[in-house]
Amino acid sequence: MTNDVLVHVDGCPVRVPAGTPVAVACAQAGAPDGRLSASGQRRHAFCGMGVCGECRVTVDGRPHRLGCQVACLEGMRITRDAG
Amino acid sequence: MNAPREFMNLIGEPADLATDVAVIGAGPAGLAAAEAAATAGVRVALLDAAPVAGGNVWRARAATPDTEVAPRLRRLAGLGVVVMPGTRVVWPQPDGTLLLERDGSPATLRAKRIVLATGARERLLPFPGWTRRGVFGAGGLQALAKGGWPVQGRRVLVAGTGPLLLAAAATLRRAGAHVIEVAFEAETATLAGFAMRLAAFPARALDALTLRASLAGVPVRGGWRIVEAQGVDAADPASPLAQVTLARANGRTRTLEVDDLAVSWGLVPQVELAESLGCALAWRGHERHVVVDTDQRTTRADVFAAGEQGGVAGAAAALASGAIAGRAAAHDLIADAQTDPPVDLHDRQRRDRAARFAALVAATFPPPADLAARWRDDTLVCRCEDVAWSAVRAFDTPREAKMATRCGMGHCQGRTCGEALRLAGCASPASLPARPVRAPIVPVPLSHVLALPAEAESDDAPARAH
């Protein structure tokens, strides 16, 4: 497809259609994970609508971006909380 | 995906923007409001937190963005409406400036009139195991699947209450999921009674029949509630979902092997922005909504509210109330204040008919009355801050619980646990403070707030910033 974009999830390249939510790109890269909770549990996309914040990841150096609400753009670098 | 590309083409105006009417939310209500106001001849900006327009209802339904949203966006572009996806209102200032977060950066917007069309979120209630990987809001998984979340071949159980469970199940099945069952808390007799009463709403009856047909072969059972979502590793509370145990009122249980669990207990109007703007709110049963008059004007003269803001009533009502609000907001700015806004009786009839249907849905599918009895000591009632039920149940008021445990003080700012604890009987509506919402309405880096011009700062201190 001509409107695919290449993004990097924890350094791994993954190709997705432009406009794909970041959380979906993570899942397609085999890492359907979001933030680490207050007690250190790994959390995952839950509400899918920008409310719960469980899908938060770092996008191009900006922390706490909502994976379900941010669309993938060419070259985006997505990193999850280290756990 | 045509819609996102089309949407992105509209980006490019300056970070500090002034307009006549700001419409907050680009679902059915916001799209209709923006079009009605712009058609009347005023400048309009349309904001939405999501990267694509359509709101949760049109985003979640398969195949609709191209047929419903794209033509509307084209008309808005023709009318000169500034469309701002990926934009959240963070903090309304006393002078009328709205502090925004746009694609992760601060921006401001001044508007003479505001139309709130921020929709509703799912009522997501705690149960043991609800933080595991594989547990989702039903509408949330619907929206994620639409965006490409991998559900193909996965065994999905859809459970909770409300007619949206069927819509979620149908979308997931279309996306390739193996929907093993739709489990309603409402008893089978209640579901049958609801189906009978649908006859009074032919369009809804047709929707329901179409949905049921698309779920042919999927068992739909009444009278079952979720007991627990078990993980692959019984000893690890964070291990991914493997099984779900359901129970009947008589205590009978059964356990299903699943990959994903999609849950929902109806919708909750997202009234935080209205509340922070000082608009009056009211309760109707379990639903807190924005008080509006017949023109959709709130108790604040320069703020209108449309769609689910005035009470959950669905997309048809949202299109009607959005159009009414957009016309009325524009009328304020172009006409003598003594004249009434133009009346479209068709929109009013559509809006009021949908409200009657919504009342039937609310009466048929109430949220659980025994919620607290379903929780164990270690059930996390606040998943933002990992606060267990045992830690909060001793407190009399939400405020005391917050002060001692941080319950409700995490990222979602109490949007999830606040509703759950209210339903569990921990706080009656009367005991809630008049204005519990404090800016920023959504968590943002402190640098966003520092970006505000000095004269626009208010006295309220930020509740929390990362």
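Me: What counts as a helix or a strand here, and how many does chain B have?
Reply: A helix is a DSSP run (H or I) of at least four residues, and a strand (E) needs at least two. By that rule chain B has 16 helices and 21 strands. The model is predicted.

Me: How many residues does chain B have, and what share of them is called buried?
Reply: Chain B has 466 residues, and 56% of them are buried. Each of those is called buried because its relative accessible area is under 20%.

Me: Which chain does chain B touch, and how many residues take part?
Reply: Chain A. The contact takes 38 residues from chain A and 43 from chain B. About 3,300 Å² is buried between the two chains. Carbon and sulfur atoms give 59% of that area.

Me: Why is the pair A:Glu54 and B:Arg383 called a salt bridge?
Reply: The N to O distance is 2.6 Å. The cut-off is 4 Å, between a side-chain nitrogen of Lys or Arg and a carboxyl oxygen of Asp or Glu. An Arg and a Glu at 2.6 Å meet that test, so the pair is a salt bridge. The count between chain B and chain A is three salt bridges.

Me: Which element gives the largest share of the side of chain B that touches chain A?
Reply: H5(B), with four residues.

Conventions. Residues are numbered from 1 along each chain as its sequence is written. Chains are lettered from A and ligands numbered from 1 in the order in which they are written. This is a predicted model: local features need pLDDT of at least 70, side-chain atom pairs count only at pLDDT 80 or more; totals for chains, interfaces and linings use all residues. Side-chain values use heavy atoms; hydrogens and water are left out. Buried means under 20% relative accessible area, exposed over 50%, partly exposed in between (1.4 Å probe, protein chains only). Contact means heavy atoms within 4.5 Å. Buried area is the accessible area (1.4 Å probe) that two parts lose on being put together, summed over both.
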